[in-house]
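Please load the structure in a viewer and keep the selection panel at hand. The stops below proceed from the overall layout to individual residues.

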Amino acid sequence: MSQQNDLPPGWIAQWDPTHQRHLFIETTSGHQQWEHPLETAGGPLDATVAPAPAPSGHGKRRAYAVGQTHAYDGAGEVAPYPDAAGYGAPVQPGMGGAPAPLFTPGLANDQFAAQQQAAQGQGYYGGSEQYPAQQPAYGQQQPMQYPPVNQLADQFGHMGLGGQKPFALHTANLVATPPNPLELLMPPPEIRLPPGASITDSPAANADPSYMRSTINVVPTTYQLLNKSKLPFSLVLTPHRTLKSAVNSSVDDPPVPVVTDTVIARCRRCRSYINPYVTFIDGGQRWKCCLCSMSNEVPQMFDWDQARNQPGDRWSRPELTSGAVEFVAPTEYMVRPPQPLVYVFLIDVSHAAVQSGMVATATRTILESLDRIPNDDNRTRISLIAFDTALYFFSLTPGSTETSMLVVSDIDDVFLPKPNDQLVLNLTESRAAVETLLGRLQEMFQDTQIIGSALGPALQAGFQLASTTGGKLITLSASLPTLGVGALKNREDPKILGTPKESALLQAGSPFYKTFAIECSRAQVSVDMFLFAATYTDVASLSCLPHYTSGQTFFYPGFNAARSEDAIKFAHEFGIVLGSQIGLEAVIRVRASRGIHMSAFHGNFFVRSTDLLALPAVPPDQNYVIEISLEETLTTPFVVFQTAVLHTTCFGERRIRVITLALPTTSNISELYASVDQIAVATFLANKAVERTQANKLEDARDMVQKYVTDILGAYKSNMTGGGGAAAAGLAIPTNMQMFPLLALGLLKHVALRQSSQIAPDLRAYAHSLLTTLPSQTLIPYLHPSFYSLHDMPPECGTIGDAGVILPPLLPLTSERLVKHGLFVIEDGQTIFLWVGRDSVPQLIMDVFNLPNYEALRGGKYTLPILDNPFSQRVNAIIGKIREMRRGPYYPALFIVKEDGEPPMRLWALSALIQDRGDQTPSYQQWLGQLKDKLNGSSYN
Amino acid sequence: MGGEGWLFLFAVLMAAALLFTSVFFIIMFSDLECGEHYMNPIDLCNKLNQFVVPENLAHAFLCLLFLLSFQWTALLINAPLLAYNVNKVVITKTHTFDATEIFRTLPQHKKESFIRLGFYLLSFFYYLYRMIVALISESE
């Protein structure tokens with residue numbers, strides 16, 4: 001690329017799609033910066049931003065006949081129709097007609113990219129600022145304007161990719177600064193450790209924020225200081241994340257390095273693992289623990305390369321260079337030999353389940369996923385129990401295709417009809433029998449008329465099968481459990497929705513689901529719940545099991561496999577869960593420097609001791625939040641947090657994953673504010689709000705969120721802006737927290753917390769389970785959806801760029817951006833809404849949906865056809881990218897929302913535009929007004 | 001020794017027993033908090049849950065005795081705790097310790113146990129005093 005050629009020697013440019021700009025790296029020093037090196041060096045950059053070549057024809061992009069535009073325009077004026085504008089708005093005379101100085105329509109893609117890159121050196125918004133011709137609406141109809149480019153570039157400077165400058169705190173006025181969704185994609189504030197903190201100076205000495213991040217990247221030395229700032233202090237962990245890169249979809253992130261020689265150096269006193277922040281003393285014979293300052297001996301084999309049987313280089317050991325590392329554990333770390341992977345499927349075969357097509361889809365998916373179920377060591381075992389009002393066991397014979405069904409109708413006292421080893425079978429040996437059984441299951445029950453579900457007894461039976469080894473109960477249930485232990489009542493009562501009594505529906509309805517969960521956790525059994533229901537199924541009670549046994553809950557309301565969208569979504573997510581490389585029999589412990597204490601834990605696990613979390617299984621991409629309290633004054637220049645996950649891999653190896661994070665300390669409150677990681681704060685707040693809902697009431701949770709925001713803003717105002725005075729006119733907030741109030745508002749407006757009498761308790765309960773398990777990367781869009789405009793997207797969007805499919809620029813979440821002739825995408829990672837304006841040109845409808853006009857289009861779940869025209873392919877590419885770009889097994893369903901379509905659908909989609917005023921919720925501006933009044937009103941002066 | 005003397009002797013013994021349960025609860029909670037003996041929260045909750053209802057029953061029985069023997073002062077002193085217990089055990093059914101929540105609710109439980117301890121201690125001395133008064137008035 002031309003960008004490479006323009007660089008001075010020793011520099012490389014790396015495309016960063018998150019920020020849609022190049023990152024410049026000096027290869028010799030590893031120094032990184034956003035600015036073009038020549039630009040920073042004051043070199044002549046003019047050459048690179050020279051006007052692009054003259055228009056070179058319209059290339060392969062699609063042009064629409066003037067007639068169409070004319071017809072659609074309605075106003076007799078034939079507007080110039082810039083090719084790149086796609087299905088743009090009626091172009092205002094004198095605006096769209098004039099070619100923009102920077103953008104040249106019709107450049108071939110690579111030329112265009114070059115041009116774009118050239119402009120990127122100038123500022124963050126290079127990407128979108130240069131398409132005035134393509135976005136006629138941009139900056140014209142909207143009162144909202146992004147801050148000027150220079151200012152943002154400035155901020156980037158302060159975000160700091162430079163040397164050891166002190167943290168500069170910049171205050172923004174919330175009222176005057178519209179929220180900019182791109183800020184959510186920025187990395188957290190830089191961690192500026194004192195020089196020499198890490199003994200190897202490796203850039204990976206601190207784990208990537210996707211593994212472990214803190215709400216504040218500087219630790220206050222005293223509790224009083226933290227309290228004064230009102231900032232929450234928590235760690236956000238995703239120790240077992242998949243390697244899917246958040247930046248580049250075509251390349252995976254590097255895997256966690258593994259220490260295979262079983263030499264594990266740990267501190268004698270605090271039991272922490274050796275890491276890049278320890279110091280060697282006594283000529284390297286001993287090491288000093290960075291958590292408790294204990295001096296420990298270096299193990300004898302530490303400097304020996306066992307693979308090659310020769311002295312090794314200590315400094316290249318992964319545990320000293322990398323903040324995320326995995327040790328292969330010797331037998332001392334095992335209570336028993338590593339367990340095999342055991343999957344017990346509990347499949348509901350009652351009338352509702354069979355009729356909805358759940359049974360057929362599930363068995364087909366299991367059948368297709370048999371090769372993807374982790375089975376590297378050929379020890380994986382599976383078993384299947386079907387249940388309605390009775391339990392059906394299947395006894396398989398290894399090596400043959402014979403299966404026999406055993407019916408147990410005594411559900412009050414569940415017993416196994418055959419010994420354990422005849423019901424749980426080795427997948428490799430019994431493959432043929434398993435395949436036959438799965439193929440026939442639907443057939444066996446297809447005419448069933450039985451209504452009712454003995455889920456509780458089925459779980460107990462599954463528990464008996466799995467408890468000797470530990471394993472996973474994968475439960476698929478399509479109706480409310482009505483029989484035996486764990487039977488639930490239909491508690492849903494439309495009259496109490498929206499009242500304080502509603503909160504009771506969000507708590508477990510039967511103690512069985514908690515006591516059984518504890519039993520499971522003890523026996524290393526994890527439960528996954530896949531819930532399908534046309535009616536109330538009490539997700540709140542059933543999700544207790546995954547909650548305390550570290551499983552996952554999936555909910556498919558109104559599932560009907562006859563709709564291919566439903567079947568695909570479930571099959572996709574189920575397939576990923578089956579195929580994922582899970583960890584088993586795990587415990588997580590977080591240690592920290594002296595004076596720091598872990599005070600509360602959020603996520604799917606059982607808290608077994610004050611600082612020990614028990615997880616029978618560790619699914620990938622699960623999020624855990626740990627609250628931290630300061631108990632002593634910190635005297636060291638930096639402190640260290642270390643998370644250790646002792647687990648058995650699904651290929652039968654005992655391993656310890658250790659994630660280390662070092663943060664500098666400060667006694668300066670402005671540094672504290674300048675280092676706030678707003679993404680982590682929002683993640684913490686979401687978890688805290690759900691906990692509050694489950695322990696108290698929805699109102700309490702909402703009040704708590706509100707209080708956090710007011711307190712932080714109030715404390716910032718009184719500490720940093722000297723209270724009242726000129727600052728009273730606005731709402732002051734550190735620039736690195738500018739999006740936080742909007743994220744909090746998104747949380748308040750979220751289906752999990754929103755004040756409304758229309759939200760089914762099942763949907764709320766499922767949202768709660770997602771809020772506490774989604775990793776930040778997926779959680780943030782869930783709170784603050786992404787909003788794209790497709791009809792006028794820049795021509796390179798939807799095509800493959802350096803880092804996968806290029807997405808259109810993000811829009812602020814307000815319906816002011818919706819136009820009548822437009823096509824928009826609003827997505828939150830769980831659902832994608834394709835919003836079609838009522839005045840869409842027929843050609844647009846034809847190109848995307850293959851339908852003659854807007855009237856022929858129907859709203860609701862939809863599968864987008866892939867048509868033989870570039871626009872359709874680009875739209876499909878964008879939808880595809882949205883579906884796969886985030887970590888987690890979720891496959892968002894696509895809904896068509898017509899501007900004048902069914903009101904519920906429209907309201908649902910529009911509720912994602914969180915800056916707008918809602919039914920009982922304020923708009924963003926109103927909310928800021930409320931906050932401001934509160935702050936000016938009383939105690940914060 | 002007359003009826004009143006016997007009654008308060010019994011009450012003194014009951015108060016002592018209740019005192020010991022409170023101390024036992026506090027010790028168990030502290031053990032869990034410090035994690036020194038590696039106390040499993042599940043076992044702990046199961047163990048403690050066995051004592052909750054008997055403790056409350058014992059207290060209720062004592063109140064019943066006071067009622068039957070028309071000891072209004074003693075009954076009045078115990079009434080608030082009795083009402084609290086009835087509400088917890090019979091009406092809201094929140095008296096059992098939940099192993100999944102125990103670490104979150106630990107400070108609350110400890111506080112409650114301390115308050116109970118204080119209450120039983122005071123009532124112990126009150127019963128002792130009443131017993132002695134009764135014995136003296138009899139012997140006169």
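Begin by colouring chain A by domain: the assignment gives domain 1 (1–45), domain 2 (219–256 + 583–668), domain 3 (263–321), domain 4 (342–579) and domain 5 (780–928), with bounds that come from an automatic or database domain assignment. Between domain 3 and domain 4 of chain A, the C-alpha centres are 47 Å apart.

This is a predicted model, in which local features need pLDDT of at least 70 and side-chain atom pairs count only at pLDDT 80 or more, while totals for chains, interfaces and linings use all residues. Residues are numbered from 1 along each chain as its sequence is written, chains are lettered from A and ligands numbered from 1 in the order in which they are written, and side-chain values use heavy atoms, with hydrogens and water left out.

Next, select helix 21 of chain A, residues 740–748. Helices (H or I, at least four residues) and strands (E, at least two) are DSSP runs, numbered from the N terminus. Nine of the nine residues of helix 21 are buried, so this helix is largely enclosed by the rest of the structure; buried means under 20% relative accessible area, exposed over 50%, and partly exposed in between (1.4 Å probe, protein chains only). Among the buried residues are A:Phe740, A:Pro741 and A:Gly746. Display the partners against which they pack: helices 19, 20, 22, 23 and 27 and strand 30 of chain A.

Now show the interface of chain B and chain A. The contact (heavy atoms within 4.5 Å) takes 14 residues from chain B and 12 residues from chain A. The two chains bury about 1200 Å² between them, 60% of it on carbon and sulfur atoms; this is the accessible area (1.4 Å probe) lost on being put together, summed over both. In chain B, B:Ile42, B:Thr100 and B:Phe103 lose the most area to chain A, together 42% of what that side buries.

Finally, go to two asparagines of chain A. A:Asn309, in the loop between strand 12 and strand 13, has a positive phi of about 55 degrees and counts as exposed at 56% relative accessibility. A:Asn850, in the loop between helix 24 and strand 36, has phi near 60 degrees and counts as partly exposed at 45%.
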